[in-house]
Amino acid sequence: MSKAEILGNIRHGLKRGEASQEQKQAVINRINAHTRNLVPQRAQLPHEEQVALFIAMATEAAAEVYQLESINEVPQICANWLKEHNISSLVTASDAPILALDWNSVSDLSCEQRVAQVGDAASLTSSFAGIAETGTLMLHSGKDSPTTLNFLPDNHFVILKRSDIVGPYEDAWQKLRDKTQGDLPRTVNMITGPSRSADIEQKLQMGAHGPKDLIILLIND
């Protein structure tokens, strides 16, 4: 009822009644058309140049980027980084690529698969796509990758395959529509660098609303 009341007030302000069936269908047709927006020239590149642009833009946004030859290097890279920062535990998503990794090879790191909780120091997830246009990661929710992993821990490791890097946002959304056949996941997160805010006295504060460190593990696949 509250939603109907809000929409009714908007229509009253616009001095119009409820949309006709033809008007509603026109809106549905426009949404389903997925008309592409303008694509910046910097995103219209061959794939290898898109990869280079993604790395440059992500680094400029204060993310750390590690280029790995194999996904099998992920456990050791995570363990080394966490040891340097005096962290001994890692919470991960439970998707197949992460579960297949040999976590027993890093005995000094405690690793478990679950939703993130307040107080967790570090998390590891996979990503769906990388957007070269702005150095942005696209991640979506699912039973194997709770969204809490993206925001609660102070340090967020993200696995990204080079082949999943696209140029503009429009290509990333189309890639997601193709994968899900239009049945989009409940949540899609766009992450560009670690969380930050300068709302208070214009002083930059890292980790204001999420991780203060974003570590991208770029896999050469």
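Strands S6 and S9 run antiparallel to each other and are joined by 4 bridges; strands, like helices, are DSSP runs numbered from the N terminus, with at least two residues (E) for a strand and at least four (H or I) for a helix. Two strands count as paired if DSSP finds at least two bridges between them. Across this pairing, leucine 139 sits opposite asparagine 189 in S9.

The open sheet has 4 strands in the order S8-S5-S6-S9, with mixed pairing. S8 and S9 are at the edges with a single partner strand each, so one side of each has no neighbour in the sheet.

## About the model

Please keep in mind that this is a predicted model, where local features need pLDDT of at least 70 and side-chain atom pairs pLDDT 80 or more, while totals for chains, interfaces and linings use all residues. Residues are numbered from 1 along each chain as its sequence is written, and side-chain values use heavy atoms, leaving out hydrogens and water.

## Helix H7 on the sheet

H7 packs on the sheet and touches S5, S6, S8 and S9, its direction making about 20° with that of S6. For such angles, axes are lines fitted to C-alpha atoms (for helices, over the stretch in contact), and values run from 0 to 180 degrees between N-to-C directions. The helix covers residues 169–180, and its 12 residues reach 17 Å from first C-alpha to last, close to the 16 Å expected; the expected span is 1.5 Å times one less than the number of residues.

Which residues of H7 are buried? They are Glu170, Ala172, Leu176 and Thr180, where buried means under 20% relative accessible area, exposed over 50% and partly exposed in between (1.4 Å probe, protein chains only). These residues cover an arc of only 165° around the axis, which puts them on the same side of H7; the arc is that of the directions from the helix axis to the C-beta atoms. Their cover includes S5 (129–131), S6 (136–140), S8 (165–166) and S9 (188–191). After H7 comes glutamine 181, with a positive phi near 55°.

## A closer look at alanine 172

Alanine 172 lies in helix H7 and counts as buried because its relative accessibility is 0%. Apart from neighbours within four places in sequence, alanine 172 is in contact with Phe128, Ile131, Met138 and Val166; contact means heavy atoms within 4.5 Å.
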